[in-house]
Amino acid sequence: MVQGAGTARSSVAAVRPGPRTGGIMRLAGKVALITGAGSGMGRAMAIRFAAEGAKVFGADWNEASLQGVTDEVRAAGGEMRGLKTNVAVRAEVEAMVAAA
């Protein structure tokens with residue numbers, strides 16, 4: 001559950017394309033590489049971008065959190081892959097980009 005404006009709501013249900021987007025998946029055919037995808041703003045972006053049709057590649061140092069958001073996106077019908085990555089380590093960043 002995501003806390004927003006003082007109320008709890010399902011994060012996936014809250015980002016399905018709707019009236020504001022005219023039901024159009026604005027990111028269809030795009031790939032989004034999102035660091036920090038396992039929590040916070042990165043998680044929110046991964047969920048939203050997938051809901052808008054993007055193929056999401058998420059990276060996070062916390063593999064369990066990353067797997068959780070990946071499972072959530074896939075359960076909602078989105079497409080997401082992930083890789084445990086420490087962005088402070090150049091070799092891991094290069095591997096992340098190559099994998100995306």
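Threonine 35 has its bridge partner in strand β4, namely alanine 59. The model behind this pairing is predicted: local features need pLDDT of at least 70, side-chain atom pairs count only at pLDDT 80 or more, and totals for chains, interfaces and linings use all residues. Residues are numbered from 1 along each chain as its sequence is written, and side-chain values use heavy atoms, with hydrogens and water left out.

The protein has three helices and five strands, and going along from the N terminus the elements read β-β-β-α-β-α-β-α. Two strands count as paired if DSSP finds at least two bridges between them. Strand β3 (residues 31-35) and β4 run parallel and are joined by five bridges; on this side, leucine 33 sits opposite phenylalanine 57 of β4.

Put together, three strands make an open sheet with the order β3-β4-β5 and parallel pairing. β3 and β5 are its edge strands, each pairing on one side only. On average, neighbouring strands in this sheet are turned by 20 degrees against each other, direction ignored. (Axes are lines fitted to C-alpha atoms, for helices over the stretch in contact, and angles run from 0 to 180 degrees between N-to-C directions.)

Now for the helices. α2 lies across β4 and β5, at about 175 degrees to β5.

What about the inside? A residue is buried under 20% relative accessible area, exposed over 50% and partly exposed in between (1.4 Å probe, protein chains only). Buried residues account for 29% of the 100 residues. In β4 (residues 55-60), five of the six residues are buried, so this strand is largely enclosed by the rest of the structure. β3 has a covered face with Ala32 and Ile34, while Val31, Leu33 and Thr35 are on the uncovered one. In a regular strand, side chains alternate between the two faces of the sheet.

A nonpolar core is a set of buried Ala, Val, Leu, Ile, Met, Phe, Trp, Tyr and Cys residues joined through side-chain atoms within 4.5 Å. The largest one holds twelve residues, including Ala32, Ile34, Ala37, Val56, Leu66 and Met80. β3, α1 and α2 each give at least two residues to this core. Contact means heavy atoms within 4.5 Å. Beyond its neighbours within four places in sequence, alanine 37 is in contact with several residues, among them Gly42, Ala46, Gly58, Leu66 and Met80.

Finally, how far can the model be trusted? The predictor's confidence in each residue is pLDDT, from 0 to 100. Its mean for the protein is 84, and 77% of the residues reach 70 or more. Over residues 1-10, though, pLDDT stays under 50. Where pLDDT is low, the predicted coordinates should not be read in detail.

Definitions and conventions
Helix = DSSP H or I, 4+ residues; strand = E, 2+ residues; numbered from the N terminus.
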